[in-house]
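Trainee: Can we go through this one together? I would like to start with the strands and then move to the side chains.

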Amino acid sequence: MGLLLLTPLVIFAQSSTEPVINSTLDGRVIDAKTKTPLDGATVQIKGTTHKASTDNNGKFYFKTGQKFPYTLLVSFVGYQTQETLASESSIEVGLVEGESQLSEVVIVGYGTQKRSDITGSVATVSKNNLTQPAVAFDNLLQGAVSGVAVTQSSGQPGSTATIRIRGGNSINFGNDPLYVIDGFIVYNNNSYSNTAAGSGSGVNALSSINPSDIESIDVLKDASATAIYGSRGANGVVIITTRRGKKGKNDINYSAYAGQQKITNKLSLLNASQWAALVNDINVSDNVAKTFSDSAMTALGQGSDWQSSALRDATIQN
């Protein structure tokens, strides 16, 4: 009869000090001050070539076999690069705006350059301005760039805004800047663009550009920056780059808004009889005969309320 030998079972417990291996890491990159997500920020595992970019919600995702903890290098244009220790599978990183932006890439007339290599005066409109709802792109320039004055000269819907880069340069000729959209020169010609129904203000020739489609706006302000455009750039150049697809990245974005518009300050104007009385008072001060008799003034009555006829409450949606 044989003997049955039993080998004792030995269980080895894993030490709690061993680093945890996790195959995934998801996180979010935001502005430390405004808490808004940063789209296009670069997140890299320090010491490796493994990197990812954030989406329009500021989120990124890694599939890695790195051992926790490890260091992340987080960078974004206009912000200070930050090293963050990742010790768990989810993380949020807040970036601080950098005072020095010499490594930022800026679009110029003949391609792109690092800001540190540019000798001319080039300004870039902040991405925060580009996300604001606007009727036309020139509204995005208001208060966004130093040395650029944007004046809304009329309240007519679709009317043009007057844009001056470092003031006017000519008395007899135009002072509008040159616009370059995706590499194509566009002449605004606001002075010649109108409804053809009268001598009212011009209609903005560039209002056909959807502000939501604009990726970036760069303004070339001085002679050295605009030299590539010759005399056409004498009043400055506004370079507009629209959104386009990116290789290896699929994005679907949807945005909408709805609301109601109504007049907030209706002007208190004279009625017909009061206006006639004013005309008569002016006639008296000029020592000429009165234009309206008392019976004519009475016949005019209240007249028409043209403000109420022209204005109404209306919905707006995009």
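Trainee: What is the bridge partner of Asp26 in β4?

Mentor: Tyr61 is the bridge partner of Asp26. Before we go on, this is a predicted model, where local features need pLDDT of at least 70 and side-chain atom pairs count only at pLDDT 80 or more, while totals for chains, interfaces and linings use all residues. Residues are numbered from 1 along each chain as its sequence is written, and side-chain values use heavy atoms, with hydrogens and water left out.

Trainee: How many bridges join β1 to β4, and which way do the strands run?

Mentor: Five bridges join β1 (residues 24–31) to β4, and the two run antiparallel. Strands here are DSSP runs of E with at least two residues, and helices are runs of H or I with at least four, numbered from the N terminus. Two strands pair if DSSP finds at least two bridges between them.

Trainee: Which sheet has β1 in it?

Mentor: An open sheet of three strands, in the order β4-β1-β7, with mixed pairing. β4 (59–63) and β7 (90–95) are at the edges with a single partner strand each, so one side of each has no neighbour in the sheet.

Trainee: Where does β13 sit, then?

Mentor: In an open sheet of five strands, ordered β10-β15-β16-β13-β14, with mixed pairing. Its edge strands are β10 (122–124) and β14 (184–186), each pairing on one side only.

Trainee: How does β13 run against β16, parallel or antiparallel?

Mentor: Parallel, with four bridges between β13 (residues 178–181) and β16 (residues 237–242). Leu178 has Val237 as its bridge partner in β16, and Tyr179 stands opposite Val238. On the β14 side, three bridges join the strands, which run antiparallel. There, Val180 stands opposite Ile185.

Trainee: What happens at Asp182 in the hairpin of β13 and β14?

Mentor: Asp182 takes a positive phi near 50 degrees, in a hairpin with two residues between the strands.

Trainee: And the β13 side chains, are they buried or exposed?

Mentor: All are buried: Leu178 and Val180 point one way, Tyr179 and Ile181 the other. Buried means under 20% relative accessible area, exposed means over 50%, and partly exposed is in between (1.4 Å probe, protein chains only).

Trainee: New topic. How many salt bridges does the structure hold?

Mentor: Six. A salt bridge is a side-chain nitrogen of Lys or Arg within 4 Å of a carboxyl oxygen of Asp or Glu. One of them joins Glu92 and Arg28, at 3.3 Å from N to O. That pair links distant parts of the chain, with Glu92 in β7 and Arg28 in β1, 64 residues apart.

Trainee: Which residue forms a salt bridge with Arg164?

Mentor: Asp176, with the closest N and O atoms 2.9 Å apart. Arg164 is in β12 (residues 161–165) and Asp176 in the loop between β12 and β13, so the pair ties together parts 12 residues apart in sequence.

Trainee: Why does Arg164 count as partly exposed?

Mentor: Because its relative accessibility is 23%. Asp176 is also partly exposed, with a relative accessible area of 28%.
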